[in-house]
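This briefing goes through one model, moving from the overall layout of a chain to its contacts and then to local backbone features. Please keep the sequence and the coordinates at hand while reading.

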Amino acid sequence: MSRPEGIQLMEGNHACAWGAIDAGARFFAGYPITPSSEIAEVCARELPAYGGIFIQMEDEIGSIAAIIGASLSGKKSFTATSGPGFSLMQENLGVGIYQEVPCVIVDIQRVGPATGLATQPAQADVMQARWGTHGDHSIIALSPATVQEMYYLTIRAFNLSERFRTPVIILGDQVIGQTYENIKLPDPSSLDIIERIKPFVSPEDYFPYQPDKNGVPPMAAYGDRHIVHASSTCHDETGYSNFKTQTNRALLTRLKDKIYNYTDEIVDVEHFGPDHAEVTLISYGASSRVCKYVVGEAEKEGIRVNLLRLISIWPFPDRIVREALGKTGAVVVAEMNQGQLIGEVNRVNATNTPVYLASGIDGALIDPDIIMAAIREALK
Amino acid sequence: MKNNWQVVLAGEGGQGLILAGRILSEAAIIDGNNVSLTSSYGIAARGGYSEAQVVISEQELYYPKCVSPDLILALTREAYNRYIDFVNNDCLVIYDSKEIANPMGRNELGYDFKEALLTLGNLKVINSLFLGIILKNREIVSRESMISALKKNMPPKILDINLEAFNYGMEM
């Protein structure tokens, strides 16, 4: 099968794989797991024709280790998994962050914890994506809500990972991963693709972790004339271990600043519905499209509801959510978990706006009635 | 012609329900509509409850599942029982009369699928058969688009018998 042309019926997972290929990904290592396996399937079938490599690894620990190695060797690389595999990847996710390795990790969330309900959707890995790996760190995570958006956000995930030299997580879910929708893949030459900055000094003057003015070090690949060393212990600009506490302080600060100082560049949201509303929904991923449906249903009942849809989740869009809280009567956070991102909403709630949770934990796309019930509760 | 449809195809694993959902969805795309196809299945490859839901709309699709189906195909008792209490008055239920002996709803049509398949001489073409029956009763997509989608999705070796089954369903 070659690249699909024209308007297609396509599964979200397939759209993710094609987005990766169009973004320039040429290395996939993974261990198939429902409901993400179709991403691996497409990569196995298609990547060799693009000069890329697909490896089915022994497990998810090996998978993320392999994509880190591939990226350090100059390839755009990614892996795809679901909750149990995402848990196994946490340690090396930290390695990727600390060694500043551009790569993309796709988590198609299913019901957990543990093996949970393998074929059914959840959005319960949101805080794991943020804090699952140990130690202070920053993370970028994006959450697609349609098949078409899965394609474009996968491209954006690679662009952000290259731009910031850091792992980027796509927090999908079983609904988006395995729903088929009509999609049109654009002409690849029309896409804006970002590549990592290569060293612009001579090999003798190159230090692999000497940052550019935006805090991101230009990146040579293993095998280039510029010598690279990457360590998972505290390291200075040479890349070699350095155990001074002030070295780690400087490194941690730079790793945070290189992302958080550019939050506005990363944050992506959609405002949906009327400008002013009695109740504002805040949601992301599959739940957010149910919210769009609910905005229309509520309007039929004469209730003015709007939606702030978070397309990027991490870094959390503090300012935008704070503003939304400040100009609405109440907020309902709709998510397929027992309440995860609602904690972030409350954290930035400077106006003490009442915040309610619409929680869908039934192993299915969140029911519109759950969200409507929360809206009615908020209006009491 | 109505352009918003919610269709549930329900039965058990192995009946080609998800492939039929795909064919119906692709036909709707050929007709110029937006489509969302979801499926629900257990961890077994064959047997057990299985369903495909197809939502078709001219507008952007927010809720990708069927909220109030316009048509339900129920090929097993379990499939029938799952939905029958929730259908609205306008919903057409097409069921297997050999599987569901005493139907309860008003807007229902029973078909003897087994007999039709035996006449066709192939028990595996049940999905093309019921797509024909569905299209005969509700003009969800154009016949030309359905035939194009069937041709795209059926391997050449079994295309003719599937087209025969589809046409047979259109006449039942």
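The model is a predicted one, and chain A in it has 13 helices and 15 strands.

**Overall layout of chain A**

- The radius of gyration of chain A is 21 Å, which agrees with the value near 21 Å that a compact globule of 380 residues would have.
- Along the principal axes, the C-alpha atoms of chain A fill a box of roughly 70 × 50 × 40 Å.
- Of the 380 residues of chain A, 52% count as buried, and among contacts between residues at least 6 apart in sequence, 75% join residues at least 24 apart.

**The two domains of chain A**

- The domain assignment divides out domain 1 (7–190) and domain 2 (268–379) in chain A, and the C-alpha centres of these two domains lie 26 Å apart.
- Contact between the domains involves 24 residues of domain 1 of chain A and 21 residues of domain 2 of chain A.
- On the side of domain 1 of chain A that touches domain 2 of chain A, at least two residues each come from strand E6 (117–121), helix H5 (126–131), strand E7 (140–142), strand E8 (167–173) and helix H7 (174–178) of chain A, and H5(A) gives the most, with 4 residues.
- By class, the residues on that side of domain 1 of chain A divide into 17 nonpolar, 5 polar and 2 charged.

**The contact between chain A and chain B**

- The contact takes 15 residues from chain A and 16 residues from chain B.
- Strand E1 (7–11), E6, strand E9 (180–184) and helix H10 (285–300) of chain A each supply at least two residues of the side of chain A that touches chain B, where H10(A) gives the most, with 4 residues.
- The side of chain A that touches chain B is made up of 9 nonpolar, 3 polar and 3 charged residues.

- Helix H1 (residues 12–23) and helix H6 (residues 147–164) of chain A have axes that come within 8 Å and cross at roughly 35°, and the crossing of H1(A) and H6(A) is right-handed.
- Residues making this contact include A:Ala15, A:Trp18 and A:Ala23 of H1(A), along with A:Met150, A:Ile155 and A:Phe158 of H6(A); by class, the contact of H1(A) with H6(A) has 11 nonpolar, 4 polar and 1 charged residues.
- In helix H2 (residues 37–46) of chain A, the buried residues are A:Glu38, A:Ile39, A:Ala40, A:Val42, A:Cys43 and A:Glu46.
- The cover over the buried residues of H2(A) includes E1, H1, strand E2 (25–30), strand E3 (53–56), strand E4 (76–81) and strand E5 (103–111) of chain A.

**A buried valine in chain B**

- B:Val8 has its place in strand E1 (residues 5–12) of chain B, and B:Val8 counts as buried because 24 other C-beta atoms lie within 10 Å, the cut-off for burial being 20 or more.
- Although B:Val8 and B:Glu51 are 43 residues apart along the chain, their C-alpha atoms are separated by 7.0 Å.
- Leaving aside neighbours within four places in sequence, B:Val8 is in contact with B:Glu51, B:Gln53, B:Cys66, B:Pro69, B:Ile72, B:Leu73 and B:Tyr83.

**Backbone features in the loops of chain A**

- Most residues other than glycine have a negative phi, and most peptide bonds are trans.
- A cis peptide bond, with omega about 5°, joins A:Thr34 and A:Pro35, and A:Pro35 is placed in the loop between E2 and H2 of chain A.
- A:Gly112 and A:Pro113 are also joined by a cis peptide bond, with omega about 0°.
- A:Ala114, found in the loop between E5 and E6 of chain A, has a positive phi of about 55° although it is not a glycine, and A:Ala114 counts as exposed because it has 8 C-beta neighbours inside 10 Å.
- A:Asn352 is not a glycine but has a positive phi of about 50°; the place of A:Asn352 is in the loop between helix H12 (341–347) and strand E15 (355–359) of chain A, and with 8 C-beta neighbours inside 10 Å A:Asn352 counts as exposed.

Terms used:
Residues numbered from 1 in each chain as written. Chains lettered and ligands numbered in written order. Predicted model: local features only at pLDDT ≥ 70, side-chain atom pairs only at ≥ 80, totals over all residues. Domains from an automatic or database assignment. Contact = placed C-beta atoms within 7 Å. Nonpolar A, V, L, I, M, F, W, Y, C, P; charged D, E, K, R; others polar. Rg over C-alpha atoms; globule rule 2.2 N^0.38 Å. Buried ≥ 20, exposed ≤ 12 C-beta atoms within 10 Å, placed from the backbone. Axes fitted to C-alpha atoms, helices over the stretch in contact; angles between N-to-C directions. Left-handed = near helix turned anticlockwise from the far one by under 90°.
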